[in-house]
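The following exercises are meant to be worked through with the sequence and the model at hand. Each task is followed by a solution in steps.

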Amino acid sequence: MPIVLTVGSFDIFHIGHLYLLEECAKLGQVIVGLNTDEFIERYKGKKPVMKYFERESMLYAQQSVYEVLENTGCEDMTVLVDKVCPDYIVVGSDWLNKDYLKQTGLTTKYLEEMEISLVFVPRHFSISSTEIKERIKNEA
């Protein structure tokens with residue numbers, strides 16, 4: 001069975017996350033690279049709402065998820081990719097207009113040498129953890 005890797009923070013789990021994981025499962029066995037609390041704070045400038053173990057538990061509760069691994073390489077995703085050896089790396093289409101490879105330390109050459117396909121999943125739900133946080137803030 002093909003191995004599918006998707007990587008993210010998964011802070012405040014929502015329907016967009018669920019859809020991404022379900023689409024990943026259509027391609028094969030899903031392994032999630034979960035960003036550390038420290039990386040999220042450094043990358044986004046604020047701490048995640050949910051701690052690592054809480055986010056990890058939410059992911060393991062999803063039927064589509066086979067395994068959750070800590071993204072120890074942070075910005076250098078080759079550390080995680082070398083460990084997992086996926087057939088596919090799946091990301092949301094919101095990354096289409098951003099330089100996903102540069103952001104993750106991956107290159108087209110590296111993916112070709114490893115025989116990994118980069119797959120962009122359409123974003124059907126216009127929702128994000130940031131938007132949910134704003135909703136909560138505005139209700140207070």
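**Exercise 1.** Determine which residues Thr 78 is in contact with, leaving aside its neighbours within four places in sequence.

*Solution.* Step 1: contact requires heavy atoms within 4.5 Å. Step 2: under that condition, the partners of Thr 78 are Thr 104, Gly 105, Leu 106 and Tyr 110.

The model is a predicted one, in which local features need pLDDT of at least 70 and side-chain atom pairs count only at pLDDT 80 or more, while totals for chains, interfaces and linings use all residues. Residues are numbered from 1 along each chain as its sequence is written, and side-chain values use heavy atoms, with hydrogens and water left out.

**Exercise 2.** Describe the place of Thr 78, and state whether Thr 78 is buried or exposed.

*Solution.* Step 1: Thr 78 belongs to helix α4, residues 78-84; helices (H or I, at least four residues) and strands (E, at least two) are DSSP runs, numbered from the N terminus. Step 2: the relative accessible area of Thr 78 is 16%, so the residue is buried (buried means under 20%, exposed over 50%, partly exposed in between, with a 1.4 Å probe and protein chains only). Step 3: the side chains of Thr 78 and Asp 76 are joined by a polar contact of 2.4 Å. Such a contact is a pair of N or O atoms within 3.5 Å; within protein, one must be able to donate a hydrogen and the other to accept it, and residues adjacent in sequence count only if both atoms are side-chain atoms.

**Exercise 3.** In what order do the 5 strands of the open sheet stand, and which are the edge strands?

*Solution.* Step 1: the order is β3-β2-β1-β4-β5, with parallel pairing; two strands pair if DSSP finds at least two bridges between them. Step 2: β3 (65-70) and β5 (117-121) each pair on one side only, and these are the edge strands. Step 3: β4 (residues 88-92) is joined to β5 by 5 bridges, and Val 91 stands opposite Phe 120 in β5.
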